[in-house]
Amino acid sequence: DDHESCGSNSTNRSTTENTKTSAKPRRIQQAAPTDPDLPPGYVQSLIRRVVNNVNIVINNLILKYVEDDIVLSVNITSAECYTVGELWDRAFMDISATDLVLRKVINFSDCTVCLDKRNASGKIEFYQDPLLYKCSFRTRLHFTYDNLNSKMPSVIKIHTLVESLKLSITDQQLPMFIRIMQLGIALYYGEIGNFKDGETEDSTCHNKDMLGNVTGAEDETRIDMQYPAQYKAQELYSQQEDDQPQGWVSWAWSLVPAIVNYDDAEEDYLGNDPTSTTHQQKAQTLKDPIVSIGFYCTKATVTFKLTEMQAESSYYSPQKVKSKEVLCWEQEGTTVEALMMGEPFFDCQIGFVGCRAVCLKGIMGVKDFEENMNRSETEAYFFVCGENLSIKGLTYLTNSLFDYRSPENNGTRAEFILDAATHKETYTEIAGMQRFGAFYMDYLYTMENTTGKGSANQQDFSSGKSEDLGTVQEKSTKSLVIGPLDFRLDSSAVHRILKMVVCALEHEYEPYSRLKPDIKDESETMLNPEEVASLEEYIPTRHTSVTLLKCTFTIFMAEFNLLDHLLPVIMGEKNSSNFMNTTNFQSLRPLPSVQILVDKINLEHSVPMYAEQLVHVVSSLTQPSDNLLHYCYAHCYLKIFGFQAGLTSLDCRGSYCLPVPIVPSLSTALYGKLLKLPTC
């Protein structure tokens with residue numbers, strides 16, 4: 001029994017044999033299983049005080065990741081974690097009955113991130129400029145407990161602030177950087193190591209290989225019997241089948257109880273009784289802490305550089321790389337916030353106050369913005385969006401641990417919105433634009449359990465199973481708003497953007513996961529009418545909305561044109577050669593242009609969350625309803641308000657003449673739908 005009922009339902013998913021054996025001695029010390037929060041004695045309180053005030057200092061930390069020809073290394077000169085008081089100053093603290101709060105600070109100094117390319121023998125021939133050089137940032141941690149004897153905080157807040165973030169990416173680093181981003185996404189969705197065609201393997205064995213999960217088939221069946229459907233290993237935010245690896249977030253979350261040590265006695269008490277499913281559900285909802293993670297950056301710049309080899313005077317001397325800045329992205333008041341509570345609720349918000357893109361130096365031999373050209377700064381900025389921090393203030397830090405007005409910094413307990421309806425009412429597009437100004441994104445995923453007899457479980461409807469445990473209703477909505485923007489598309493901007501695209505395409509990396517071929521499965525299980533009816537009640541979808549407000553697009557006549565060297569590479573026709581133009585740049589004035597003004601553009605997109613399973617089920621029906629067929633499509637709806645276009649020209653002083661209208665103000669809408677898996 002002791003071996004069988006180890007851990008809560010979420011722990012069961014991830015507990016290895018090692019943690020099972022190590023959990024035994026701890027359980028002997030437990031008192032009566034009915035009362036998990038017994039008042040600790042003197043020794044326990046002393047141990048707690050010591051643990052709460054441990055200072056950790058790490059010097060010269062080096063982390064390295066190597067894959068194919070990519071070498072990513074992170075160097076941190078020093079990192080220090082210590083306990084602080086109410087004003088975030090170093091102090092000796094402990095949680096008390098009046099103040100059930102613990103605060104910590106982690107300071108990282110001189111963080112340098114390097115991204116280099118190695119050759120076939122594993123050596124780095126020449127070192128690229130660091131992605132990030134000597135950047136310092138500080139992290140504040142805030143833990144709120146329900147009572148003195150709680151082993152786990154009920155609210156965890158981890159917020160990081162960076163004053164200045166200067167990123168540098170060269171043309172050789174760009175494909176490697178994109179590859180690492182793809183790795184992160186593949187880990188998040190659990191898509192790494194999907195089997196190639198014709199390969200099959202047992203799902204439990206596959207999970208063991210992928211995630212280090214040594215839970216055998218015995219444990220799997222016990223979980224199935226003991227816990228309701230929604231607490232099995234959910235495929236959070238993923239479009240994969242049941243036999244594929246779990247989503248990264250689900251897997252990471254399943255480790256939380258093992259790390260933070262939920263009360264084992266209570267689990268024993270609940271776990272041995274097969275009829276205590278409802279109690280376990282209650283225990284699960286009580287124990288899932290609210291986790292808030294935030295990243296804030298006052299000013300960030302990303303500089304794109306082109307590299308060229310420099311020939312040395314001596315034949316034997318090593319080759320040197322010279323890099324030249326061509327493009328810079330400047331961003332102010334950046335916020336990335338994530339709020340989660342177990343698997344049923346996840347929300348991510350990203351926003352920034354203002355951003356600009358600027359042309360630097362020259363491109364492909366054309367010295368259009370060299371120092372000696374005497375061109376105005378406004379001409380160099382081809383993209384401007386949002387406002388300045390000097391006008392907007394510190395709105396991007398609202399309710400963070402770095403905001404002096406936040407509840408945590410005023411001795412009160414923070415309140416969180418954890419249901420979809422209230423969330424949508426509170427975090428509207430208008431509210432997002434008021435806080436940020438340039439860009440706002442809100443991604444919300446919720447999972448609700450509706451109890452009902454004979455309703456098909458969403459996770460299993462591809463196999464046609466019917467469960468009496470209730471239906472899991474999943475919702476995923478993404479809302480993006482882009483504020484007033486001015487986009488000038490001249491020759492300098494076009495060539496720099498397309499050169500970046502060419503550099504990003506110059507790699508030979510294999511994708512992390514391949515799409516399965518659309519082959520109709522003949523051995524499909526037929527659904528009975530009750531299962532079809534329950535399926536029609538709710539079909540989970542992913543909904544995306546993109547809104548652009550007050551846009552100005554100016555397309556100039558070409559001042560120079562070297563696209564015949566870039567476009568064939570983008571179209572996949574040939575490899576690029578480092579072409580360098582020799583003609584001198586002459587700016588044309590007046591420069592004719594087309595100016596387009598749009599009041600608002602709105603794009604709505606919806607797609608079924610589990611398209612593959614749904615299409616297989618619907619295609620097996622002889623006469624599927626219109627509603628079911630509707631959900632087998634990806635739907636796209638584009639609305640444009642107040643579109644108008646005119647002809648104008650740019651003079652020597654950098655001002656435009658009065659535009660001559662060619663398209664008067666109009667509004668239009670466009671709708672399209674695309675069938676998913678048409679071969680079925």
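What percentage of the 680 residues of the chain count as buried? The share is 45%, where buried means under 20% relative accessible area, exposed means over 50% and partly exposed lies in between (1.4 Å probe, protein chains only). This is a predicted model, in which local features need pLDDT of at least 70 and side-chain atom pairs count only at pLDDT 80 or more, while totals for chains, interfaces and linings use all residues. Residues are numbered from 1 along each chain as its sequence is written, and side-chain values use heavy atoms, with hydrogens and water left out.

**Overall composition**

- The chain has 18 helices and 18 strands; helices (H or I, at least four residues) and strands (E, at least two) are DSSP runs numbered from the N terminus.
- Among contacts in the chain with a separation of 6 or more, 76% are between residues 24 or more positions apart, a contact being heavy atoms within 4.5 Å.

**Strand β12 and its partners**

- Strand β12 covers residues 439–450, and nine of its twelve residues are buried, so the strand is largely enclosed by the rest of the structure.
- Strand β8 (residues 345–359) pairs with β12 in the antiparallel sense over eight bridges; two strands pair if DSSP finds at least two bridges between them.
- Within this pairing, Phe-352 has Phe-439 of β12 as its bridge partner.
- Strand β13 (residues 471–482) also runs antiparallel to β12, and twelve bridges join the two.
- Here Tyr-440 stands opposite Val-481 in β13.

**Contact of helices α4 and α14**

- The axes of α4 (residues 173–189) and α14 (residues 491–505) come within 7 Å and cross at roughly 65°. That angle makes α4 roughly perpendicular to α14.
- Axes are lines fitted to C-alpha atoms, for helices over the stretch in contact, and angles run from 0 to 180 degrees between N-to-C directions. Angles under 35 degrees count as roughly parallel, over 145 as roughly antiparallel, 65 to 115 as roughly perpendicular and the rest as oblique.
- The crossing of α4 past α14 is right-handed, meaning that the near helix is turned clockwise from the far one by less than a right angle.
- Leu-174, Pro-175 and Ile-178 of α4 meet Met-500, Cys-503 and Ala-504 of α14. The residues of this contact comprise six nonpolar, no polar and no charged.
- Ala, Val, Leu, Ile, Met, Phe, Trp, Tyr, Cys and Pro count as nonpolar, Asp, Glu, Lys and Arg as charged, and the others, Gly among them, as polar.

**Helix α17**

- Eight of the ten residues of α17 (residues 611–620) are buried, so this helix is largely enclosed by the rest of the structure.
- The buried residues of α17 include Leu-614, Val-615, His-616 and Val-617.
- Elements covering the buried residues of α17 include α15 (529–537), β16 and α18 (626–630).

**Backbone geometry**

- Most residues other than glycine have a negative phi, and most peptide bonds are trans.
- Asn-60, which is not a glycine, has a positive phi of about 50°; Asn-60 is placed in strand β1 (residues 56–67) and is exposed, with a relative accessible area of 61%.
- Trp-88, also not a glycine, has a positive phi of about 65°; Trp-88 is found in the loop between β2 (70–84) and β3 (101–117) and counts as buried at 9% relative accessibility.
- The peptide bond from Arg-589 to Pro-590 is cis, with omega near -5°; Pro-590 is in the loop between α16 (567–570) and β16 (591–608).
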